[in-house]
Amino acid sequence: AKALADLLGQLENQHNDKDRIRLIEAAADGHWFTTYDVIELVNVQHYGPSKTQTAILLYPKTTDPESYDYVIECYKFEEDRKEIKEALGL
């Protein structure tokens, strides 16, 4: 939980989504996430493409992939949900 809180704090201090994506990629190397964690990380992103990329990047590092529909459902737009499902083969 502390690692996630630290990561969220670091992400909030970044000024653009590209830097936030780099941080998420680095964190994904050494950590596992629940679908709830992924939703929190998606919500830190400001723009649609970065939100979508976050969900796609973190899926392989999710401890409960059977619950990933909760992540996908947090997207407002059907095209975003479709893009994530297609990228992940869901």
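A pocket here is an open set of grid points with protein on both sides within 12 Å along at least five of seven lines. I applied this to a predicted model.

**Pocket.** I looked up the largest pocket first. About 190 Å³ of space lies in it. I listed eleven lining residues, and Ala3, Leu4, Leu7, His31 and Phe33 lie nearest the centre. I sorted the lining into eight nonpolar, two polar and one charged residue. Helix H1 (2-13) and helix H2 (17-30) each supply at least two lining residues. H1 gives the most, with four.

**Salt bridges.** I counted three salt bridges. In the pair Arg20 and Asp17, the closest N and O atoms are 2.5 Å apart. Both residues lie in helix H2, three residues apart.

Asp19 and Arg22 form another bridge, at 2.4 Å between the closest N and O atoms. They too sit in H2, about one turn of the helix apart. I noted Asp19 as partly exposed at 22%, and Arg22 as partly exposed at 47%.

I found Glu78 bridged to Arg81 at 2.9 Å, N to O. Both are in helix H6 (residues 78-88), three residues apart. Glu78 is partly exposed at 45%, whereas Arg81 is buried at 16%.

**Rings.** I counted one aromatic pair. The ring centres of Tyr59 and Tyr68 are 4.7 Å apart and the planes are at 75 degrees, so I logged the pair as edge-to-face. Tyr68 is buried, at 1% relative accessibility. I also checked Trp32: the charged end of Lys61 sits over its ring, 4.5 Å from the centre.

How values were computed: Residues are numbered from 1 along each chain as its sequence is written. This is a predicted model: local features need pLDDT of at least 70, side-chain atom pairs count only at pLDDT 80 or more; totals for chains, interfaces and linings use all residues. Side-chain values use heavy atoms; hydrogens and water are left out. Rings of Phe, Tyr and Trp (its six-membered ring) pair if their centres lie within 6.5 Å; planes under 30 degrees apart count as stacked, over 60 as edge-to-face and the rest as tilted. Buried means under 20% relative accessible area, exposed over 50%, partly exposed in between (1.4 Å probe, protein chains only). A charge sits over a ring if NZ of Lys or CZ of Arg is within 6 Å of the ring centre and within 35 degrees of the ring normal. On a 1 Å grid over the protein atoms alone, a cavity is a set of points where a 1.4 Å probe fits but cannot get out, and a pocket is an open set with protein on both sides within 12 Å along at least five of seven lines; lining residues have an atom within 4 Å of a point. Grid points are joined across faces, edges and corners, and a volume is the space filled by probe spheres set on the points. Ala, Val, Leu, Ile, Met, Phe, Trp, Tyr, Cys and Pro count as nonpolar, Asp, Glu, Lys and Arg as charged, and the others, Gly among them, as polar. A salt bridge is a side-chain nitrogen of Lys or Arg within 4 Å of a carboxyl oxygen of Asp or Glu.
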